[in-house]
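I have a new structure open today and am keeping notes as I go. Come along and look things up with me.

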Amino acid sequence: MVSVEEATQIIHSKLLKTSRVAIEFTQAVGRVLAEDIVADRDLPPFDRATMDGVAVSSASLSQHSTLLIQSVQAAGEPQQTLVSHAHCIEIMTGAMLPKGTDTIIPYEQVEIKDGTATLPAGVKIERGQNIHPQGADARKGEKVMKAGIRISPAEVALFASVGKNDVSVMAWPKVAIISTGNELVDVTATPLPHQIRKSNSYALQAALKSIGCPSTVMHLPDDKPTLELALRELVTQQDVIILSGGVSKGKYDFVPQVLATIGIEKHIHQVAQKPGKPFWFGSKGNTFVFGLPGNPVSTYLCYYRYILPWLWHSLGAQTPDQKAILAEDFMFKPPLTCFLQAAIKNENGRWMAYPCAGGGSGDFANLVKADGFLELPNHGIHFKKGDVFSWISFRPIHHLI
Ligand code: AMP
Ligand code: MG
């Protein structure tokens, strides 16, 4: 048995070798960027008007308070040139600053009448005002995004502005999710008194889907030859195999045995944690196998605590270490690390985690009341209100109620 810290270290030292794929930028949200992105021209590409008004040469303002309107410079038009200091050019937001002008006075501050623009006395003008200067945001050739970031709508906007139609992103690995257990029946079945409906595989598939990663779901019985036959083939086809159930000490928990038979090297079996103690992890070549205990809360915890960060890490992305504050005293006896289900609330800028332990690792109905797990380390019994611990979130912030 290893500690949670050791398990984490082992898992992160055995990363999946991943590949890149080029996709259209409109499809890239949620993916991990696999290339640095540079600006193909200055941003903004020209001195850009940020307000509607008149473009003037600031030098002329000491001599003239009324200027002749020469023309209108609209957005999308080539740059015009001011003919003299006695003139100004009406300008629209987004237009190129005309040659010979250096300042924009908004319409609100000038009086337009009979082809002239008059500056009322007392209006304070600063040279260069209301202009977004060329290259102020980024210079041509400058790196505007680094490989390894997770693409959000902001990055999509930037891809568009720098003309990046095809973007190199990390390819999703091929993931198979396999539930095991003779007691499990399909969602649409009417279970007999001794049966239950499968739920773990769907939770795992939904969790992967929520980050955009596709997966296939299947079921295998607690039968050694069947497990062996199926897993032998799956290992040759998949990058990641996530099993649920069959890794504990029961008479029908054949998964570790079968995985050994087919040559999967075991890296971890059993972690000093609650829930999820029987957790199993191994690999063969570039195929990685996670054997999660079948109790639904254990399955859930092991996915969010180990598999998800491992997946991001394998794809070259980092996962921030999140923390939350224990909102009530809590007692838990070592030597296990306790992953405490909790509901999170932002109170005046502080993330407070309210324990809602539920009825144990089989009580998956409780997960809908919680937002994540607070990681209480395996030293100490009395965990005090106000103390800060690692927070493993399974509900995105925008889904909190
Ligand atoms: P196991 O790890 O196989 O001993 O399973 C532990 C408990 O989790 C048993 O009560 C199983 O019925 C339950 N369980 C296992 N797999 C699933 C699943 N896919 N969906 C829901 N419950 C499961
Ligand atoms: Mg089982």
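How far apart do the C-alpha centres of domain 3 and domain 4 lie? I looked this up first, bearing in mind that the model is predicted. The C-alpha centres of these two domains are 60 Å apart.

**Entry: the domains**

Domain 1 takes in 4-19 + 172-314, and domain 2 takes in 21-37 + 142-170. Domain 3 covers 48-132, while domain 4 covers 323-400.

**Entry: a sheet**

Next I traced an open sheet of 6 strands with mixed pairing. I read its order as β16-β13-β17-β21-β20-β18. At the edges I found β16 (216-220) and β18 (265-269), each of which pairs on one side only. From one strand to the next, the twist averages 20°.

I also looked at what packs on this sheet, and found α1 there, touching β18 and β20 (280-284). The direction of α1 makes about 155° with that of β18.

Then I picked out one pair of strands. β13 and β16 run in the parallel sense and share 5 bridges. Opposite isoleucine 178 I found methionine 218, which belongs to β16. As a reminder to myself, strands of a sheet pair through backbone hydrogen bonds, either parallel or antiparallel.

**Entry: the largest pocket**

How much space lies in the largest pocket? I noted about 1500 Å³. Its lining is made up of 46 residues, and those nearest the centre are Tyr304, Leu308, Ser393, Phe394 and Arg395. I listed the elements that give two or more residues to this lining: α1 (4-12), α3 (200-210), α6 (296-314), β22 (323-326) and β28 (388-393). The largest share comes from α6, with 8 residues. Sorting the lining of the largest pocket by class, I wrote down 26 nonpolar, 14 polar and 6 charged residues.

**Entry: the second largest pocket**

Which residues lie nearest the centre of the second largest pocket? I found Thr180, Glu183, Gly245, Gly294 and Asn295 there, among 27 lining residues. The space in the second largest pocket comes to about 450 Å³. I saw that β13 (175-180), β15 (196-197) and α3 each supply at least two residues of its lining. By class, the lining of the second largest pocket has 14 polar, 7 nonpolar and 6 charged residues.

Terms used. Residues numbered from 1 in each chain as written. Chains lettered and ligands numbered in written order. Predicted model: local features only at pLDDT ≥ 70, side-chain atom pairs only at ≥ 80, totals over all residues. Heavy atoms only, no water. 1 Å grid on protein atoms, 1.4 Å probe; cavity = no way out; pocket = protein on both sides within 12 Å on 5 of 7 lines; lining within 4 Å. Points joined across faces, edges and corners; volume = space filled by probe spheres on them. Helix = DSSP H or I, 4+ residues; strand = E, 2+ residues; numbered from the N terminus. Nonpolar A, V, L, I, M, F, W, Y, C, P; charged D, E, K, R; others polar. Pairing = 2+ DSSP bridges. Axes fitted to C-alpha atoms, helices over the stretch in contact; angles between N-to-C directions. Contact = heavy atoms within 4.5 Å. Domains from an automatic or database assignment.
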